[in-house]
Amino acid sequence: MGRVLEAPATRGTHVSAHHDHRACTDAVLVAAHEAAIARGVRLTDLRAEVLGIVAQSHKAIGAYEILERMQKARRQEKPVAPPTVYRALEFLAEQGFVHRINSLNAFVACYAAGEKHRGMFLICESCGTVAELADPDVDNAIAQAVRTAGYQASHEMIEITGICPSCKGI
Ligand SMILES: [Zn+2]
Ligand SMILES: [Zn+2]
Ligand SMILES: [Zn+2]
């Protein structure tokens with residue numbers, strides 16, 4: 001059975017508009033900090049700031065918009081250099097704290113950063129919400145099919161577009 005990945009506090013409510021989204025954001029940051037310590041990598045203030053911005057909503061956000069938000073938060077201070085943000089995103093994606101949604105050229109936070117998993121995403125064409133789905137059966141079936149085809153996968157991401165339960169009015 002598949003399940004949508006989300007913060008423990010929001011489980012069962014999916015990514016409906018009514019859930020306590022602060023809990024999601026906090027859970028992402030806490031999990032990333034813990035994973036970084038366990039792996040001996042550095043979640044610097046800037047990396048954590050970028051992650052916090054990505055986790056601010058369940059919609060995918062592009063690098064340019066992240067940069068804009070960071071500039072806005074800084075006001076008169078020294079602006080952030082774009083490569084710094086790109087490098088931070090690269091680090092976060094490598095660590096699995098965020099996922100890059102190729103079809104949108106944008107990023108979403110991962111709610112299972114500690115677990116090894118293939119990215120499987122349901123993207124709403126109406127509201128832009130991206131839900132990450134975990135389904136070991138599908139994972140195994142794909143891995144098997146790839147092996148049978150004689151391929152060695154290097155990047156495994158599945159992106160499915162459609163209409164989410166909220167937009168469908170369920
Ligand atoms: Zn949320
Ligand atoms: Zn994930
Ligand atoms: Zn939707």
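In the predicted model, Arg3 has Ala134 of strand E5 as its bridge partner. This bridge belongs to the pairing of E1 with E5 (residues 130-134), which runs in the antiparallel sense over three bridges. The two strands are part of an open sheet of four strands, arranged in the order E1-E5-E4-E6 with mixed pairing. At the edges of the sheet lie strand E1 (3-5) and strand E6 (157-162), each of which pairs on one side only. From one strand to the next, the twist averages 35°.

Helix H5 covers residues 136-148. Its 13 residues should span 18 Å at 1.5 Å a residue, and this agrees with the separation of its end C-alpha atoms, which are 18 Å apart. The number of buried residues among the 13 of H5 is zero, so the helix lies largely in the open. Just after H5, Gly150 adopts a positive phi of about 80°.

A helix pair was examined next. Two packed helices are described by the angle between their axes and the distance between the axes. For helix H2 (residues 45-54) and helix H4 (residues 82-94), the packing angle is about 80° and the axes are 9 Å apart. Because angles of 65 to 115 degrees count as roughly perpendicular, H2 and H4 are therefore roughly perpendicular to each other. On the H2 side, the contact involves Leu46, Arg47, Val50 and Leu51, which meet Thr84, Val85, Ala88, Leu89, Phe91 and Leu92 in H4. By class, the contact of H2 with H4 comprises eight nonpolar residues, one polar and one charged.

How values were computed
Residues numbered from 1 in each chain as written. Chains lettered and ligands numbered in written order. Predicted model: local features only at pLDDT ≥ 70, side-chain atom pairs only at ≥ 80, totals over all residues. Pairing = 2+ DSSP bridges. Axes fitted to C-alpha atoms, helices over the stretch in contact; angles between N-to-C directions. Expected span 1.5 Å × (residues − 1). Buried ≥ 20, exposed ≤ 12 C-beta atoms within 10 Å, placed from the backbone. Parallel < 35°, antiparallel > 145°, perpendicular 65-115°, else oblique. Contact = placed C-beta atoms within 7 Å. Nonpolar A, V, L, I, M, F, W, Y, C, P; charged D, E, K, R; others polar.
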